[in-house]
Amino acid sequence: MTQNTPLSPLSACFPRPLHHLQDVTHRVLSAAQLRARGVSAAQTSAQCLPGGPWQHLLPGVYLLHPGPPSGQERLHGALLYAGRPPVSSRRTVPEAADAGFGEAMVTGQAALALHGFATVPDLGALHRVDVLVPRTRRLRSTRYVEVVRATAALPVPVRLAGVPVAPVERALADAVAGLGDAEDVSRLLTEAVRAGHSEPAAVVRELSAAKLLGRPAVVGAVEALLAAGRAVAEERLYAMVREHGLPEPLWNVELRLPGGPELGGVDAYWPDLAVAVELDTRAPRSGAPEEGRRGGNRGAGRAEDPQWSAYAARRDRLERLGVTVVHLTPRKLREAMDQQATVVRTALMAADDREPAAYLVVLPR
């Protein structure tokens, strides 16, 4: 009679081959996932005894090796903890083998690390993982997991490194909420714009929605953010003119009538063709929708915005003098530069078909 080879504790728990445990999503499993794989609660507890091959990472979440968890494993564990169904639904909804993150998504600095921010620590160095959940969830923060409840509808997550991640603007707001140092806040917000992760208007709107704009650490940072946003938009405008073969304009100039009042500044001006470009880099009003700030539609709602009213009045004065004013937004320059170049080129080509413009004095701004 051949003597049977005893099974290892891990093999006894898993009837299937264990090569799949090389994947991080199988090195961290919830209690529900283990039960779906045929591992009883008693077997799980036995594996997690001192000196055993597994660890109890978070409530209801287990690390299937004895060493310290990696940054990715901590991330998966946090999502499994926050994404488990509420107690009230666990008795009615079967816990499938692939049950996982639910509506939970990574936010805060961990999300920014996944978005590629250089000014936040990498996942392995973060002491905390913020996880965004619906506002109705009754779930406590625990160990390294900080539960963040949405005050309104959850944003649509993006998928990065195999996990759901909050959009940059929401992740920034949640990261800023946990920071008290103005320099740290400024670094994050400035990188968001300079590295092309977002536009200033979108960031400011999210900070406003989170009621963070009044914080001392945020006020100065927002000013730096808007300044960085204008600098980046100007660089894109320069690149658009150069890369699309547009004639070189006069950059950043003031216009005025001879001996008359100032007409205001523009970002680019072609005096022979009487065409001007103005970048809209204003800070958005609290609660103002982004579409309401884009060029091309002079909606009545804008009359309530003093900044927009001043801009519209300046543009109307210039157009009455025969100057065509092209209004561009930083977002459009970033997302559709080819289209914006066509808009400017069309305005330049149409100059011959218009009445001659009034003579204007051009001064450096």
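In the predicted model, helix α8 (residues 168-177) packs against helix α10 (residues 200-209) at an angle of about 50°, and their axes lie 9 Å apart. Axes are lines fitted to C-alpha atoms, for helices over the stretch in contact, with angles running from 0 to 180 degrees between N-to-C directions. Helix α8 is therefore oblique to α10, where angles under 35 degrees count as roughly parallel, over 145 as roughly antiparallel, 65 to 115 as roughly perpendicular and the rest as oblique. From α8, Glu 169, Arg 170, Leu 172, Ala 173 and Val 176 meet Ala 202, Val 203, Glu 206 and Leu 207 of α10 (contact means heavy atoms within 4.5 Å).

The secondary structure of the protein comprises 14 helices and 13 strands; these are DSSP runs numbered from the N terminus, helices being H or I of at least four residues and strands E of at least two. Of the 365 residues, 45% are buried, that is, under 20% relative accessible area with a 1.4 Å probe and protein chains only.

The mean pLDDT, the predictor's confidence in each residue from 0 to 100, is 85, and 83% of residues reach 70 or more. Over residues 91-99 the pLDDT stays under 50, and the model has twelve contacts for this stretch beyond four places in sequence. Where pLDDT is low, predicted coordinates should not be read in detail.

Residues are numbered from 1 along each chain as its sequence is written. Local features in this predicted model need pLDDT of at least 70 and side-chain atom pairs 80 or more, whereas totals for chains, interfaces and linings use all residues, and side-chain values use heavy atoms, without hydrogens and water.

Terms used:
Buried < 20%, exposed > 50% of the residue type's maximum accessible area, 1.4 Å probe, protein only.
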